[in-house]
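Please go through the model below with me, beginning with a packing question and then turning to a helix and a pocket.

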Amino acid sequence: MRFQVQRATISQKRVQLSMVILLLVSLFFSTISVKATENDGYSAQVQEGQDLYQKLKTGKRPQSEKTYETPEQPTVYLTFDDGPSKLTSQVLDILDKENVKATFFALGEQAQAHPALVKRIVQDGHTLGNHSYNHVYKELYSDFQTFWDQIQRSEDLFASLADTRPQLVRAPGGTYTNFDAYYYYLLDQAGYSVMDWNVDSGDSKRLRVPANEIWQTIKGSPLEHEINILFHDGSGHESTVEVLPQVISYYKKLGYAFAPLTTKVKPKQFPVGKAKWSRNMSLAHFQELLKETQQYALAHPIQADKDQKDAERHLAQQTAVAREETAQILSAQAALPLQVHVAGGSSFTIEPTEYQLRANRIEMPLRFLIEKIGGQVEWQAEKKTANAHFGVYDLEYDLSTRSIRMYTLGNSVATYSLADMDLQDGKIIVPLRKTIDLLGGRITNTVIESDKREVSVALRPFYIFKENNSLLKNSLFAMGG
C-alpha cells in the first residue's frame with residue numbers, strides 16, 4: 001500500500017516537472033519571438049530614417065501636413081528684420097497711429113541691447129519672430145547645429161524679456177541658397193514655421209537706399225491675396241521709417257487689411273537652391289539633430305496655440321476700434337438710397353435702412369442681397385450657419401468660426417477664415433463687393449457722393465437665369481445643409 005502511494009507521488013512530481021519544462025520552453029520561444037519583432041521594428045525604423053536622410057540629401061522636401069487659414073480680405077503682412085534698434089520705436093509709433101499690426105524678426109544680439117523695445121513689440125500686439133542671434137552668415141550656414149544653437153539662444157532671451165518663445169523663424173538673407181532640405185525639415189520637426197517673403201522693399205540693397213526708391217519698388221510689386229513685405233528696422237534704415245506711412249496708405253486704398261504673421265498663415269518660402277555654403281551632413285549627425293529637434297517640440301507643445309490666441313485677441317481689439325470708427329462715420333453721413341444696376345438684368349433700389357457704409361465700403365444683410373439678385377438663403381439654426389445659393393455657387397457662412405466655405409456644384413473649393421461678417425438685429429451683415437466676387441461677379445463702378453450713390457454689378461451671363469433642377473440638385477439646399 002505504501003509503495004502505491006509513493007508511486008503516485010512520484011508520478012505527480014513527474015507531471016509537474018513536465019509542465020514546468022513546457023512552460024519554460026514556451027517562455028523561451030515567446031522571448032525569441034518578441035525580440036525578433038522588436039528587431040524587425042527597430043530595423044524598419046532605422047531603414048525609414050536612412051530613406052529620409054537620402055531623400056533630404058537629394059534636396060527633396062517631404063510634404064507638410066500642416067493646415068493654414070486664408071483670410072477672406074486681401075491682407076498685407078508687414079515684416080521688419082534685424083532690429084530692434086533706435087529706429088524701432090519710430091516704426092512702432094507709426095503702426096500705432098495707423099492701427100496696424102506687424103511682425104518683427106528680431107536678432108538676439110539686438111534684443112539684448114534694447115530689451116524695452118522687445119517688450120513693447122509684444123505688448124503692442126505685434127508678432128515677435130526669431131532672426132537668429134548675430135546674423136553672421138558664415139556661422140549660421142556652416143552647420144545646422146550652429147543655426148539651431150543661435151535660434152535657441154535668442155529664444156531663451158526673448159522668453160526672459162517678454163515671456164514669449166517665437167515659433168516664427170526668418171533666415172538671415174532668406175532661405176534661398178542658404179537653407180538645404182535638412183534645415184527646413186529639422187526646423188519643421190521642432191515646430192517652427194520658416195517665413196521668407198514675396199515682396200522685397202529693396203530697403204537693404206545697399207546703405208541708405210532713398211525713400212522714393214523703396215516706394216517705387218513697392219508700387220511695382222505684384223498684388224497677391226496675401227502679401228508678405230520685407231522691411232528692415234535696424235540701424236541705417238531711416239528711409240524705411242520715412243516711407244512706411246505712404247506704403248500703409250497705398251495698400252489701405254487698394255482694400256487690403258493688415259495683420260501680424262502667425263503659425264496659421266501659410267508661409268512664403270523660397271525653393272531649395274544649390275547651397276553656396278560648404279557643409280556636410282552625415283547620417284549619424286542628422287539622427288542626432290533630429291532627436292534634439294523632436295525633443296524640443298515635445299517640451300514646447302503649446303506656444304503655437306498661445307501665439308494664435310494672442311493674435312485673435314489683438315484682432316478682436318482691432319475690430320472693436322474699427323466698429324467704433326464706423327459708428328462715428330455713419331452718424332455723420334446723410335441717408336441716401338443706393339441704386340444698383342445689374343448688367344443684363346434688372347436694376348433695383350436699396351433704401352438707407354437696408355445698407356450701411358464703412359469707410360466707403362457698402363455692407364448689407366446677406367439674405368437681402370442674395371434674394372435681390374435672384375438667389376436663395378437658408379438659415380441652419382442648429383449649426384448657426386447660413387447657406388447662400390446662386391447659380392452654381394453656394395456660400396456657407398459660419399458665425400461661430402467667422403469663416404466662409406465656398407462650393408461649386410456642391411464641391412468644396414475654398415475656405416476663408418477671419419471672414420468679414422457681423423450679426424446685427426438677427427441679420428448677417430456682409431460686404432457687397434466681396435460677396436459679389438465670391439458669386440462669380442464683379443463691381444464695375446461705384447459712385448459714393450454727397451447727393452448720389454450708385455453701384456454697377458456684372459454677373460456672368462451664364463448664371464443669370466431661373467433656377468432649375470440641374471443646379472439645385474447639386475446645391476447645399478438639396479444636400480440638407
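Q: Which residues does L78 touch, leaving aside those up to four places away in sequence?
A: This is a predicted model, in which local features need pLDDT of at least 70 and side-chain atom pairs count only at pLDDT 80 or more, while totals for chains, interfaces and linings use all residues. Residues are numbered from 1 along each chain as its sequence is written, and side-chain values use heavy atoms, with hydrogens and water left out. With contact taken as heavy atoms within 4.5 Å, the partners of L78 are L95, V100, A102, T103, I229, F231, L244, I248 and F258.

Q: Where in helix α9 does a kink lie?
A: Helix α9 (a DSSP run of H or I, at least four residues) covers residues 238-253. The bend is the angle between axes fitted to the seven residues ending at a residue and the seven starting there. By that angle, a kink of about 40° lies shortly before the proline P245, at L244.

Q: Which element gives the most to the lining of the second largest pocket?
A: A pocket here is an open set of points on a 1 Å grid over the protein atoms alone, where a 1.4 Å probe fits, with protein on both sides within 12 Å along at least five of seven lines, and lining residues have an atom within 4 Å of a point. The second largest pocket is lined by 18 residues, with R61, P62, Q63, S64 and D188 nearest its centre. At least two lining residues come from each of β5 (193-194) and α7 (181-189), and the most, five residues, come from α7.
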